[in-house]
Amino acid sequence: MKLTFLGTGTSSGVPVIGCSCKVCLSSDPKDTRLRCSALLEIGDQVILIDAGPDVRMQLLHHRIQRIDSILITHSHFDHVIGLDELRPFSWHYPMPLYSDIPSFKDIKRVFEYLFNNTNIQIGGGLTQFIPHTIEHYQEFSIEKTQILPLLVMHGRLPITGYKIGELAYLTDVKTLPQKTIDSVKGVHTLVLDCLRLKKHSTHINLEEALALIEQIQPQNTYFIHMNHELSHQEWTDLLPPNVHVAYDNQQLNIPYL
Ligand SMILES: [Zn+2]
Ligand SMILES: [Zn+2]
């Protein structure tokens with residue numbers, strides 16, 4: 001299966017509006033970090049993980065013709081606010097949307113006009129989703145693809161990570177329950193939050209990320225959700241050989257089984 005990092009930045013994106021630090025002014029394309037989102041192509045299935053405020057440009061950049069399903073990690077702005085940008089796809093078919101129950105409640109509140117069918121005018125064409133609520137550690141399948149939702153603690157907020165074949169996608173992590181660590185142990189590719197060098201209340205920093213890698217023992221790790229503190233090159237210089245800092249538009253081939 002192929003993973004494309006559509007965005008690898010923290011909630012503000014990089015460059016940050018109004019910031020003139022060296023990373024925000026960098027001409028290296030690897031220092032532009034749109035909001036976190038990823039595209040998975042497995043056989044003929046195209047799965048989108050999260051749809052933040054940059055999703056329209058991300059999908060146009062890659063000329064994505066089709067999304068078969070959407071997986072949501074949690075309902076913060078930088079992960080869901082672009083859901084209604086997917087409207088052109090739903091002119092052709094409604095899109096299955098997989099989310100944990102608390103995130104789905106928030107999505108329904110934010111996009112009330114899409115889900116409240118007592119009070120709508122159909123004329124403009126509404127984005128149509130087929131909601132599927134998921135439970136942590138209860139495997140489900142999209143066509144032939146098995147997906148395991150994992151509990152991730154984003155500070156005090158329980159959110160969702162996903163294990164799909166030999167990929168574990170864990171964004172917005174502060175701590176991981178032992179059951180999640182056991183579920184992803186030894187995985188081929190771990191995609192992991194790593195906000196910055198200093199500690200933060202709801203995201204892991206480099207030191208905490210390296211400690212989780214020590215426990216999980218993945219073959220390769222790719223950091224996402226970085227802020228503007230370090231450039232891609234500065235991150236790369238700090239990391240051991242099998243730990244990488246992901247960059248926007250990077251593509252990886254990952255074994256499914
Ligand atoms: Zn986030
Ligand atoms: Zn900056």
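Mentor: Let us begin with burial: a residue is buried under 20% relative accessible area, exposed over 50%, and partly exposed in between, using a 1.4 Å probe and protein chains only. In this chain, buried residues make up 53% of the 257 residues. This is a predicted model, in which local features need pLDDT of at least 70, side-chain atom pairs count only at pLDDT 80 or more, and totals for chains, interfaces and linings use all residues. Residues are numbered from 1 along each chain as its sequence is written, chains are lettered from A and ligands numbered from 1 in the order in which they are written, and side-chain values use heavy atoms, with hydrogens and water left out.

Trainee: How many helices and strands are there in the chain?

Mentor: Helices (H or I, at least four residues) and strands (E, at least two) are DSSP runs, numbered from the N terminus. The chain has eight helices and 14 strands.

Trainee: What radius of gyration does the chain have?

Mentor: The radius is taken over C-alpha atoms, and the globule rule is 2.2 Å times the number of residues to the power 0.38. For 257 residues a compact globule would have a value near 18 Å, and the chain agrees, with 18 Å. Its C-alpha trace spans about 55 × 40 × 35 Å along the principal axes.

Trainee: Which residues coordinate the zinc ion (ligand 2)?

Mentor: Donors are N, O and S atoms within 2.8 Å of the metal (3.2 Å for Na, K and Ca); water is not among the atoms, so sites may look incomplete. Here Cys19 (SG), Cys21 (SG), Cys24 (SG) and His228 (ND1) coordinate the ion at 2.0 to 2.3 Å. Cysteine 19 belongs to the loop between β1 (2–7) and β2 (37–42), and histidine 228 to the loop between β12 (220–224) and α8 (232–238), so this pair ties together parts 209 residues apart in sequence. Cysteine 19 is partly exposed at 24% relative accessibility, and histidine 228 is partly exposed at 25%.

Trainee: Is the arrangement around the zinc ion (ligand 2) tetrahedral or irregular?

Mentor: Four donors count as tetrahedral if all angles lie between 85 and 135 degrees; four count as square planar and six as octahedral if opposite donors are over 155 degrees apart and all others between 65 and 115; anything else is irregular. The four donor atoms of ligand 2 subtend angles of 107 to 115°, which makes the arrangement tetrahedral.

Trainee: Which protein donors does the zinc ion (ligand 1) have?

Mentor: They are Asp78 (OD), His79 (NE2), Asp172 (OD) and His225 (NE2), lying 2.1 to 2.3 Å from the ion. Their angles of 89 to 162° make the arrangement irregular. Aspartate 78 is in helix α2 (residues 77–80) and aspartate 172 in the loop between β10 (167–170) and α6 (178–184), so the pair ties together parts 94 residues apart in sequence. Aspartate 78 is buried, with a relative accessible area of 4%, and aspartate 172 is buried, at 1%.

Trainee: How many aromatic pairs are there?

Mentor: Rings of Phe, Tyr and Trp (its six-membered ring) pair if their centres lie within 6.5 Å; planes under 30 degrees apart count as stacked, over 60 as edge-to-face and the rest as tilted. The count is six aromatic pairs. One of them, phenylalanine 5 with tyrosine 222, is tilted, at 6.2 Å centre to centre and 40° between the planes. This pair links strand β1 to strand β12, 217 residues apart.
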